[in-house]
Amino acid sequence: MAAPHGNGIHTFRPHHRPGRRTFLRGIAALGALGTAGCTRVAAAGGNGGDLLDRLRAQGVVRLGIAGEIPFGYIDKDGRLTGEAPELAKAVFKRLGVDRVQPVPTEFGSLVPGLNSQQFDVVAAGMYVNADRCKQVIFADPDYQMLDSFIVRKGNPKGLHTYQDVVAKKARFATGTGFAEIQYAVEAGYRQSDILIVPDQVAGLNAVEAGRVDVFAGTALTTREVVKKSAKAEATAPFAPLVGGKPHVDGGAFAFRPTETRLRDAFNVELRELKRTGELFRILRPFGFSKAEMTDLTAKELCGQ
């Protein structure tokens, strides 16, 4: 399936399935939640929370990050950066909070850490799904993500979808714990035949060496990793089919369920950054394209 055209806003609406960039990370996050409550996006206590007022008074907001490039990480110079932290700096400055402070943690600890007040907001490009929406409230997504393949130059086997991989009996690889494992199995590929490698760099090496015909990952990561390759290329982004429907993920900031006032104020500024094109200017240095810009809402992705 070709990448979205025009302004990059597509019309697919996702089939709901747990996920972020990896399937197992999502499981880990959910497992850590234990018996936490079942608050939905529309739910809130009291008057919507007072965190926004407290952050303005303090002048700093604590960001939960997972040390993952390009979503949120500390660079080699010790500087906080990534698509989510840079967006946080812009939005919170508009909200009257001048500084951001990183609180690094494991990805699976982000939701529990947020709800135990170890930090004020999750700024890690977290995928919005119905299970996480029972534990936190999300801003609207600041990006969407499709899948893509790494293939040999010229794509000699004509592999553009998981169904192509199955039909042409291609040798298939993806990353450890990647959601793409499930997408391939959904299309009819036998899981025991999938070559599992550590990451997209190892996937590129496997394709270049001829050990596999195709490696599956997110459109952003495959696009970036093949830039210097003389032997491989990335296919056009596409939406995998889940339950027969196109599945598109969206990443967003997460807040404690009681802090609807902060979430709503964040959304107001996010919409303005989308309208002016500033959001794309913030995300572009981290490899995002206009195809990753989105009009998806948290309500849609939460299944409400």
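So, a word on terms before anything else: buried means under 20% relative accessible area, exposed means over 50%, and partly exposed is whatever falls in between, using a 1.4 Å probe and protein chains only. This is a predicted model, so local features need pLDDT of at least 70 and side-chain atom pairs count only at pLDDT 80 or more, while totals for chains, interfaces and linings use all residues. Residues are numbered from 1 along each chain as its sequence is written, and side-chain values use heavy atoms, with hydrogens and water left out.

Okay, let's start with Pro285. Is Pro285 buried or exposed? Pro285 is exposed, because its relative accessible area is 63%. You'll find Pro285 in the loop between α10 (278-283) and α11 (298-301); helices here are DSSP runs of H or I with at least four residues, strands are runs of E with at least two, and both are numbered from the N terminus. Pro70 sits 215 residues away from Pro285 along the chain, yet their C-alpha atoms are separated by 9.4 Å.

Now the aromatics. Rings of Phe, Tyr and Trp (its six-membered ring) pair if their centres lie within 6.5 Å; planes under 30 degrees apart are stacked, over 60 edge-to-face, and the rest tilted. That rule gives us 14 aromatic pairs. Take Tyr127 and Tyr143: the ring centres are 6.5 Å apart and the planes are at 50 degrees, so this pair is tilted. It links distant parts of the chain, with Tyr127 in strand β5 (residues 121-127) and Tyr143 in strand β7 (residues 143-145), 16 residues apart. Tyr127 is buried at 2% relative accessible area, and Tyr143 counts as buried at 0%.

Next up, Phe149 and Phe238 make an edge-to-face pair, 5.0 Å centre to centre with 65 degrees between the planes. Phe149 is in strand β8 (residues 147-152) and Phe238 is in the loop between β12 (232-234) and β13 (241-242), so the pair ties together parts 89 residues apart in sequence. Both Phe149 and Phe238 are buried. They also belong to one aromatic cluster, along with Tyr162, Phe172, Tyr183 and Tyr189.

Two strands pair if DSSP finds at least two bridges between them. Strand β9 (residues 172-175) runs parallel to strand β11 (residues 214-218), joined by three bridges, and Ala173 has Phe215 as its bridge partner in β11. Three bridges also pair β9 with strand β10 (residues 195-197), again in the parallel sense, and there Thr174 partners Ile196.
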